[in-house]
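Biologist: I am new to this structure. Please walk me through its metal sites.

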Amino acid sequence: MSTGRFGWLRNAGRLRRDDWVRRHRLLTMLLAGTVVGLTIFGVLSDEGLTRSWLVTVLVVLPCVVAAARLPGRRLPSVAVALGLTAACGGFVAMCHGLTEAHFTFFIAVAALALYRDWAPFGVFLVATTLHHGILGSLLNGSTFDHGHADAGLHPMLWALLHGVAVLFCASFLVVGWYLASAEERRAQDNLDDSQAQLAIAFDETPVPMAMLAVDGRLLRTNSAYRKWLRLPDVLPDGFSVADLPITPIGDVPPLFDELLRHDSVNATRAYRRNDGSTTWVEVHSSAMHDKHGRLKLIVVHLMDVTATHQHNDELRRQVRHDPLTGLLSRQGFEQDLAAMMADTPGPASILYLDVDRFKSVNDGSGHAAGDLVLRSIAARLHGLVPRGALLARFGGDEFVVALPGGLDAGAPLGHAIVKELAEPTPVAGHVLALSASVGLAVATEPGCAEDAVLSADTAMYAAKRGGGNRIQVFSDQMRVAVQDRIVAEKLLREALNGDRRETLPVWFQPIVATETGEILGAETLVRMRTPDGEIHGPNRFVPAAEETGLIVPLGEHVLVEALRHLVEWRDRLRYVTVNVSPRQLAEPDFVPLLAGLLADNPELDPQRLVLEITETALLVASVDVEERLEAIKGLGVRIALDDFGTGYSSLTWLQSVPADVVKLDRSFVAGLSADPRKTSIIQAVLWLARALGMSAVAEGVEDEADVHTLREAGCPLLQGYLFGKPMPPADFAARLQRSRMATTP
Ligand code: C2E
Ligand code: CA
Ligand code: CA
């Protein structure tokens, strides 16, 4: 019976423990209340406290005690049912069977329905029927008050009639529980479903999640959360946020306080794990409130963004640092310089350093060696700059130092750097002799830090032009020079973009035979015609062209023009010379360009083209430049060593350079006749040139007396204002004509 057909009856209304306890307490109190009620009723009624009152109280009181004391659910509830039957029966008896007194049975059956259990219910029905039947038979008058004998009904039938009425009432109550139970079950099923869905969503998501109580206890965590924090699957009771194995990094208010204060929080925090590692987490929280608006719990979602953070840090670090040397990058330097000037009051010195002839290291020994040199320079600089100074590499071979203090701080460091870098550097088994040009400028206030860097750069160029291996302090004249250079560059760009024959005309200066005065060759010298018709000499724009790289298109233009005129003056002029700047020569495309131009003029003998290379180009001598000269010679083009006698001039150079012609510099030639020392040097150079099979040209010949000395010394060719200044091609062609007529017998 218990589990079979009526199983639902027993189980249907199975109440939760606490609900049952609450209902049972209520019913027990009701039962106890009946004793009080019956006593009051007895006292107030005419009858007084009768025997039936005494019997009732004696039966009900043990039932109250049993209901309060007996273990489990069934026995206490049965005690209540029996007690209520007794109370109702007692009341009926005290009312002498008054029909309305029987209503109490209906009240009792409704009250017992609270148990949702058949046992108290059934016990009550049976007890009621027995009470009606037995007491109705024995004490009919105090059980039923209808003149029963008159009605002719047997008390048992009355009992049955009452029992059926109570049963009906009970049946409807049972149907009521059943329906309520079914509805509850459905609601429970729905709840279970959504709980299951929620559980899956919560537990299975890879996003670490936790529900926190207001006191910080972890009410629920998912496995991603426990895994992320390396927590056991089952957390100890009362485990709270304070027990988490992480500590916040930095001076930040406790996150949990923030979660308590705001309905939703989006924050990124850094924590140190117990193993010392750092973890970055993005926290999203939502607060849940009860219906009174009180905070009930906090749901937190966490995202481990450590990898993103590390990646961003790395990117930031990469942007701020030069990968080759580990020094600051330009960007990092600019940021730190601004910060340094903001932090330290007073001026700051900026040293801009460029390695002299670094390109020759790269070209000559390869990029790997170049990288080693840069690293070694970085390390040496590192050893020199004081604490608190900034050290950066701006790319290429440019290094920049910033240190607090004015010239008195910057200059000694600049000198120390120049001295240190001039020490021979062992790199990859070779010892390289390096040097550096250093520009120094002082930034007086934070606003002019950027300008000071530019000024130091300008001063560095001045140091470089002064021959390198020196420090140059920025001066206001340099600012003018910088402005001039900027103007020159602008004009040059415009000229290159215009009709080049108009804007960049090439002029020619005769080179004559010492013996006959006949014009044998000409030096091509470029000019610039500005928009307002002014003619600028090359000294005003060639340095800017060199610095900006515009020398490459400019040089190509001059070569094209020189060859064009050489072809034009085919029978009248043996050769032209063209100046080639070091930068142009270093250009990897230079030789192919030359070969292409020669191929465009197949009728032209390449021997008729002479390229003038300065000593400075050769000073950066590396295998590469020598190879390049050989390649040029391979095309049949001849090479002249320009400005010989200036700079580092050494006779041994002559031997190592594959030149065909030596051009003695004007400084050597001018006033030659009056200076016996110059004469002996010229004699020695000419002798050596002859011995090496080279020809020689004396430049800057302005004086007849010098011509005489040069002829005596055996210089075969002369060039100078005495024979003609550089002139436009048309004038030169006319000169050529006259010269031929003069020398033709
Ligand atoms: P440079 O190669 O030494 O050219 C000779 C310079 O000396 C020319 O100046 C010429 O006008 C000048 N000169 C010649 N004879 C005398 C003389 O008797 N007395 C004096 N006082 N000067 C004399 P210019 O034309 O102003 O050229 C200056 C420099 O510009 C040249 O020096 C050369 O290095 C450079 N240059 C000229 N044209 C080009 C070019 O097309 N490409 C390159 N890369 N550089 C060029
Ligand atoms: Ca020249
Ligand atoms: Ca020259």
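**The calcium sites**

Modeller: This is a predicted model. In it, the donors of the calcium ion (ligand 2) follow the spacing E-x55-N-x32-E-x29-D along the chain.

Biologist: Which residues coordinate the calcium ion (ligand 2), and at what distances?

Modeller: Four residues supply the donors: Glu523 (OE), Asn579 (OD1), Glu612 (OE) and Asp642 (OD). Glu523 sits in strand β15 and Glu612 in strand β19, so the pair links distant parts of the chain, 89 residues apart.

Biologist: Is Glu612 buried or exposed?

Modeller: Buried means under 20% relative accessible area. Glu612 has a value of 1%. Glu523, with 4%, is buried. Glu612 is therefore buried.

Biologist: How many residues apart in sequence are the parts tied together by Asp642 and Glu699?

Modeller: Asp642 lies in strand β20, and Glu699 lies in the loop between β22 and α28, so the pair ties together parts of the chain. Both residues are buried. The separation is 57 residues.

Biologist: Where is Ser581, and with which residues is Ser581 in contact, leaving aside neighbours within four places in sequence?

Modeller: Ser581 is in the loop between β18 and α21. Ser581 is buried, because its relative accessible area is 10%. Leaving aside those neighbours, its contacts are Glu546 and Ile551.

Notes: Residues are numbered from 1 along each chain as its sequence is written. Chains are lettered from A and ligands numbered from 1 in the order in which they are written. This is a predicted model: local features need pLDDT of at least 70, side-chain atom pairs count only at pLDDT 80 or more; totals for chains, interfaces and linings use all residues. Side-chain values use heavy atoms; hydrogens and water are left out. Donors are N, O and S atoms within 2.8 Å of the metal (3.2 Å for Na, K and Ca); water is not among the atoms, so sites may look incomplete. Helices (H or I, at least four residues) and strands (E, at least two) are DSSP runs, numbered from the N terminus. Buried means under 20% relative accessible area, exposed over 50%, partly exposed in between (1.4 Å probe, protein chains only). Contact means heavy atoms within 4.5 Å.
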